Amino acid sequence: MSLLPASATIGIWLLLNKLEARANVYIDEMTKLKADAVTQLQGLMEDAQSAIDGVRDRLETSVDAPSVPEIDGGDLEHLATISAGTNGRAAIPSAEASGVISPEDYCRRANALFLSGNYEDAVDSYDRAVALKPDYYQAWSNRGSALFNLGQYEASIASFDRALDLKTDYPEAWNNRGSSLIKLGDYDAAAFSFERATELKADHLEAWSNRGYVMMELGRYKEALLAYSQAVKLDPNSAQAWHERGRATLAVNRPEQALQCFDKAIGIAPDDLNIWRDRALAQEQLGRKNEAFETLSHGLRLDPDAIDLWIARAELSRNRRRYIEAIEDYDRALFVEGDRPDIWFSKACCYAASKESKSALFWLARAIEADPDYVSRAEDEPALEFVADDPTFASLVGREFDGESDEGVESPLSSGSLSSS
């Protein structure tokens, strides 16, 4: 066998080396891709498991009482949920096919309907459960929560009362009963219910939060502060608990401590505009008006359509006697929501304080035309003293003018009589 020339041997060797180097690069790339794929797959599996766990938690509902959620000091939004457990399923099992259905089966189906937001059918299933088992206190309490979500508050209280007749030491039923009483405006009775719930279950976060809300509504601010302080201890990572504790602290005239609570809440929920608004209020009470202005401005950068913050910043400017700035912010609020007699009245006060009587009377007329209650408010408002002797003002508030009348003065309710600037 003949030997290859030396040059050919070298060429083949170089080619093999290049191929080997390229192969190594491909191997490295494939190894990296494989590692990335494994990492992504693990992440997907973890997400899938979390989703499965979440679904399982919702489907494996207990036959115990659903929990009417805590009262929010602002919006009072109630989206009831059912406590997760281990002895329930989302629908009646195969026993339904055989015609043998237990009260627990009906309750589990009702719980599933409750979770899906089908409260009317949930009530029907709870009714079937208690018809078969009249002393089924969990089903009576669940039924009350479903009725609560249907807005049938008196009926829900009757259902909770039935549950409590059967089991008086049932904290969830006491808490839920209190929430229904709040909806009916019976805060004293609600306070008793929440107190019973917390006595029976000292770590009942919802009940402590609800108790704090009721105490705020009753003006019992020290008791509200104690309740919210307990809520913070139970859940130190709850922005709402810190926020509400700050509101209660502010109500007992401790603005410095309130500010610390609001800062805690913002650290947890930095996009909650209500916290920024209340933080500014604490700063204003401390005399830090420039800081309060910046706090409100930050909130408005988060949401330029936050009408409450525009009004709060306008009121702050008005208190600082910066009436033009206040009017500008009121106008921004009106840009978000045009028909606001309260803002028109506030603009009238600012114009009167700026000694611009025509504009003051124009906006006062608009407020009174939209809501006659502003007649009495106008007569008692010190900011309108500058226009109080004007015959147009007398006409607006419905009293006779006892001074000299100016020629050409028309009612501001007639078209084109006053400037709206």
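The side chains of R220 and E223 meet in a salt bridge at 2.9 Å, N to O. Here a salt bridge means a side-chain nitrogen of Lys or Arg within 4 Å of a carboxyl oxygen of Asp or Glu.

A word on the model: it is predicted, so local features need pLDDT of at least 70 and side-chain atom pairs count only at pLDDT 80 or more, while totals for chains, interfaces and linings use all residues. Residues are numbered from 1 along each chain as its sequence is written, and side-chain values use heavy atoms, with hydrogens and water left out.

## Other salt bridges

The structure holds 18 salt bridges. One of them joins the side chains of D124 and R128 at 3.1 Å, N to O. Both residues sit in helix 4 (residues 119–132), 4 residues apart, or about one turn of the helix. Helices are DSSP runs (H or I, at least four residues), numbered from the N terminus. D124 is partly exposed at 35% relative accessibility, and R128 is partly exposed with a relative accessible area of 40%.

E381 and R318 also meet through their side chains, at 3.9 Å, N to O. E381 lies in the loop between helix 19 (374–380) and helix 20 (391–397), and R318 in helix 15, so this pair ties together parts that are 63 residues apart in sequence. Is R318 buried or exposed? With a relative accessible area of 18%, R318 is buried.

## The largest pocket

The largest pocket has a volume of about 230 Å³. A pocket is an open set of points, on a 1 Å grid over the protein atoms alone, where a 1.4 Å probe fits, with protein on both sides within 12 Å along at least five of seven lines; lining residues have an atom within 4 Å of a point. The volume is the space filled by probe spheres set on the points, which are joined across faces, edges and corners.

Of the 13 lining residues, R277, D278, L281, D308 and A312 are the closest to the centre of the pocket. Helix 13 (273–285), helix 14 (289–302) and helix 15 (307–319) are the elements that each give two or more residues to this lining. Helix 13 contributes the largest share, 6 residues.

How values were computed
Buried < 20%, exposed > 50% of the residue type's maximum accessible area, 1.4 Å probe, protein only.
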